[in-house]
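Biologist: Can you walk me through this protein in plain words? I would like to start with the pockets.

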Amino acid sequence: MALAIRKSSNEVFSFAKWFIRRECRVYSTLPESVEEVTQQIEETKPKRATGRRAPKILEYRHAYPEFLPDPNPKWRNTLREKLERQDMLNRRKQIDIPEFYVGSILAVTISDPHAQGKSNRFVGICIERKGCGLRADFTLRNVVDHQGIEVRYDLYDPTIQKVQVLRLEKRLDDKLFYLRDSLPEYSTFPFDMDPEILPEGAPVPVNPIQVKLKPRPWLERWERQELKGISNIEEYLKEKDRVRRELRKTPWEKYDLMKDYRKTIPIEEQTEIWADVNHQIQQLHLNRKKSSRKRTFTSPKTQLA
């Protein structure tokens, strides 16, 4: 009898202890003062990075647009895109491909396939940058001996030995094909041009220059394109040209959300892609900075009599 009473009392005591713990659990986590509340709020806030502000991952779409896949669903393949990104990162470990935009002046050195051990260097302004993945390419233009020369390079071509940015800047338009019909001084750059180095962390400048076109005929109907980098296009237009331009205007397309969606990659997919390659890109930047800071020293050779 005493054993039964002792067992029942132990069960009641354990149940009461569990009930008190269960009921007082919510109240035990409440802070006792206002200072503790503010301290908890400050601890939950994300900490800001000290020193230089870390770049946002989504800003990579401007500096590295070739990492984004083709928005056309007919050319989408997630496995192929992932393998191509790994190949592109491996290629960037072998050669430094700097940040550049349409309007930047580049110097590209490639190996000559027709002469062993020799290379060619071409300097020009980037008038187009297109393509995605390993099929990305860019076009340089320069005027040499009063003759316009354009060279198209594959961005990840294994014959490219060096890509140097002589002047990092942007232009008012995404493509500069109208330089073919402009005056030659807008496309003439010396091959011995010295590089212009921007301070670290400075924004990329936008060149507001507007070129002047030569008289017609032109290669394209530039008046029907909304171009901001041409200043004298109205001088060569007739009344019928202005009428046809007004008839072919499509001002509603800038409000077409489905058209923009079909031409771009969704933000969710961009975030996933940049999160995949962010660590390796940052590691490449750190390695380039370390190698640029190192100074090579060659011990002097003894002069023999």
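Modeller: One definition comes before that: strands are DSSP runs of E with at least two residues, and they are numbered from the N terminus. A pocket is an open set of grid points with protein on both sides within 12 Å along at least five of seven lines, and its lining residues have an atom within 4 Å of a point. Also keep in mind that this is a predicted model.

Biologist: Fine. Which strand gives the most to the lining of the second largest pocket?

Modeller: That is β2, with three residues.

Biologist: How much space lies in that second largest pocket, and how many residues line it?

Modeller: The second largest pocket holds about 1,400 Å³ of space. Its lining has 34 residues, and Val102, Arg129, Lys130, Asp174 and Lys175 lie nearest the centre.

Biologist: Let's step back. How many helices and strands are there in the protein?

Modeller: There are seven helices and five strands. From the N terminus on, the order is α-α-α-α-β-β-β-β-β-α-α-α.

Biologist: And what share of the residues is buried?

Modeller: Buried residues make up 28% of the 305 residues in the protein.

Biologist: Now the sheet. What is the order of its strands?

Modeller: The order is β4-β3-β2-β1-β5, in an open sheet of five strands with antiparallel pairing. β4 (147–154) and β5 (160–167) are at the edges with a single partner strand each, so one side of each has no neighbour in the sheet. Neighbouring strands are turned against each other by 35° on average, direction ignored.

Biologist: How many bridges join β1 to β5?

Modeller: Six bridges join β1 to β5, and the two run antiparallel. In this pair, Leu106 stands opposite Val165 in β5.

Biologist: What about β1 and β2, how many bridges there?

Modeller: β1 and strand β2 (residues 119–130) pair over seven bridges, in the antiparallel sense. Ile110 stands opposite Asn120 in β2.

Biologist: Why is β1 largely enclosed by the rest of the structure?

Modeller: Strand β1 (residues 105–111) has seven residues and five of them are buried, so the rest of the structure largely encloses it.

Biologist: And at the other end of the order, how do β3 and β4 pair?

Modeller: Strand β3 (residues 137–144) and β4 pair in the antiparallel sense over eight bridges. Val143 stands opposite Gly148 in β4.

Biologist: Switching topic: how many aromatic pairs are in the whole structure?

Modeller: A search of the whole structure finds nine. Take Tyr64 and Phe67: their ring centres are 6.1 Å apart and their planes are at 85°, so this pair is edge-to-face. The cut-off for edge-to-face is an angle over 60 degrees.

Biologist: Are Tyr64 and Phe67 buried or exposed?

Modeller: Both Tyr64 and Phe67 are buried. They also belong to one aromatic cluster, together with Tyr60 and Trp274.

Biologist: Which charged residues sit over rings?

Modeller: Lys170 lies over the face of Tyr101, at 4.6 Å from the ring centre. The charged end of Arg216 sits over the ring of Trp218, 5.0 Å from its centre.

Notes. Residues are numbered from 1 along each chain as its sequence is written. This is a predicted model: local features need pLDDT of at least 70, side-chain atom pairs count only at pLDDT 80 or more; totals for chains, interfaces and linings use all residues. Side-chain values use heavy atoms; hydrogens and water are left out. Rings of Phe, Tyr and Trp (its six-membered ring) pair if their centres lie within 6.5 Å; planes under 30 degrees apart count as stacked, over 60 as edge-to-face and the rest as tilted. Buried means under 20% relative accessible area, exposed over 50%, partly exposed in between (1.4 Å probe, protein chains only). A charge sits over a ring if NZ of Lys or CZ of Arg is within 6 Å of the ring centre and within 35 degrees of the ring normal. Two strands pair if DSSP finds at least two bridges between them. Helices (H or I, at least four residues) and strands (E, at least two) are DSSP runs, numbered from the N terminus. Axes are lines fitted to C-alpha atoms, for helices over the stretch in contact, and angles run from 0 to 180 degrees between N-to-C directions. On a 1 Å grid over the protein atoms alone, a cavity is a set of points where a 1.4 Å probe fits but cannot get out, and a pocket is an open set with protein on both sides within 12 Å along at least five of seven lines; lining residues have an atom within 4 Å of a point. Grid points are joined across faces, edges and corners, and a volume is the space filled by probe spheres set on the points.
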